[in-house]
Amino acid sequence: MLAFGLTIVRHGETQCNKDGLLQGQKIDSPLSEIGIRQSEAAGQYLRDVKFTNVFVSNMKRAKQVSRNILAGNRTCHDIELVADPSLKERSFGIAEGGRVIEMKNMAKAAGQPLPEFTPPEGETMEQVKVRIKDFLEVMFQRIASDHQDKIQDGETSIPDETDRALAGLPDDGVLNVPVHALVVGHGAYMSIAMRYFFEDVKCPMPRGLDAAQQYSICPNTGMCRFIITLKCSNADLALSDLKCVFINRRDHIKS
């Protein structure tokens with residue numbers, strides 16, 4: 001068995017976010033000035049949280065955030081940053097570059113909830129879930145390979161802190177977890193990942209979390225954290241357990 005922490009962070013604000021425009025995959029915009037400050041605040045918030053692995057979308061806005069988080073971290077300046085295209089934002093097809101309200105109107109006209117609506121030439125939720133599963137497989141393999149010395153026979157010895165009331169600290173849930181992956185990605189992608197974790201994998205909700213919060217869009221540089229346990233058998237890896245510590249945390253962002 002191998003248990004590790006997973007902290008997922010959304011990219012910071014871009015000008016398109018500010019203007020209410022859909023970026024998707026075709027618009028590879030950098031962070032705005034506010035987005036840069038948000039990412040620096042995220043780095044300051046996570047400065048004493050140790051990461052052993054970092055994975056990031058290959059889009060500019062996510063890579064900028066990952067670099068700023070690592071620049072502010074006191075323990076992992078030389079860590080390898082793995083850019084993975086399977087982490088890029090959901091494609092919104094012909095709606096990309098248009099206003100978010102226009103896609104909302106398209107969904108309404110189609111009689112579908114916005115998250116489940118797929119514009120022409122866009123990705124369905126199921127197609128994004130395939131990318132999510134592809135990424136998880138790659139991440140599991142990389143972490144198991146990098147941390148073979150942490151693999152244990154039988155149950156892991158890491159204490160389960162996910163059922164306790166959180167202290168509201170940056171290291172909630174991972175204080176005694178020696179392996180910890182940081183993933184930097186995108187809002188719609190993260191929302192679908194939450195659906196996959198809670199609905200498909202049946203991850204239990206953390207105490208005190210309103211069910212409606214599960215699928216709300218994560219704010220810019222908002223954070224979600226999970227504890228993953230892998231079953232390692234010879235060359236095979238399988239997800240054994242998934243627990244949620246928190247989702248959509250934004251304590252580092254000033255109101």
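**Exercise 1. Sort the residues that line the largest pocket by class, then say where the lining comes from.**

Step 1. The lining of the largest pocket has 13 nonpolar, eight polar and five charged residues. Here Ala, Val, Leu, Ile, Met, Phe, Trp, Tyr, Cys and Pro count as nonpolar, Asp, Glu, Lys and Arg as charged, and the others, Gly among them, as polar.

Step 2. Know the ground rules. This is a predicted model: local features need pLDDT of at least 70, side-chain atom pairs count only at pLDDT 80 or more, and totals for chains, interfaces and linings use all residues. Residues are numbered from 1 along each chain as its sequence is written, and side-chain values use heavy atoms, with hydrogens and water left out.

Step 3. On a 1 Å grid over the protein atoms alone, a cavity is a set of points where a 1.4 Å probe fits but cannot get out, and a pocket is an open set with protein on both sides within 12 Å along at least five of seven lines; lining residues have an atom within 4 Å of a point. Points are joined across faces, edges and corners, and a volume is the space filled by probe spheres set on the points.

Step 4. The largest pocket holds about 550 Å³ of space. It is lined by 26 residues, and the closest to its centre are Leu22, Phe92, Val100, Ala188 and Ile217.

Step 5. H1, helix H4 (100–110) and H6 each give two or more residues to this lining. H6 gives the most, with five residues. Helices (H or I, at least four residues) and strands (E, at least two) are DSSP runs, numbered from the N terminus.

**Exercise 2. Which residues does UniProt list as "active site", and are they buried or exposed?**

Step 1. The unreviewed UniProt entry places "active site" at His11 and Glu89. UniProt positions are given in the numbering used here, feature names are shortened, and annotations may be inferred rather than shown by experiment.

Step 2. The two are spread over 79 residues of sequence, yet they cluster in space, with a largest C-alpha distance of 10.4 Å. The lining of the largest pocket includes His11 and Glu89.

Step 3. His11 sits in the loop between S1 and H1. His11 is buried, because its relative accessible area is 2%. Buried means under 20% relative accessible area, exposed over 50%, partly exposed in between (1.4 Å probe, protein chains only).

Step 4. Glu89 sits in the loop between strand S3 (81–83) and H4. Glu89 is buried too, at 7%.

**Exercise 3. Describe Ser29 and its contacts.**

Step 1. Ser29 is in the loop between H1 and helix H2 (33–45). With a relative accessible area of 10%, Ser29 is buried.

Step 2. Leaving aside neighbours within four places in sequence, Ser29 is in contact (heavy atoms within 4.5 Å) with Thr14, Cys16, Gln23, Lys60 and Arg61.

Step 3. The side chains of Ser29 and Gln23 are joined by a polar contact of 2.3 Å. A polar contact is a pair of N or O atoms within 3.5 Å; within protein, one must be able to donate a hydrogen and the other to accept it, and residues adjacent in sequence count only if both atoms are side-chain atoms.

**Exercise 4. How many residues of each class line the largest cavity?**

Step 1. The structure has one cavity of 30 Å³ or more. About 90 Å³ of space lies in the largest cavity.

Step 2. Its lining divides into 12 nonpolar, one polar and no charged residues. H6 supplies the largest share, four residues.
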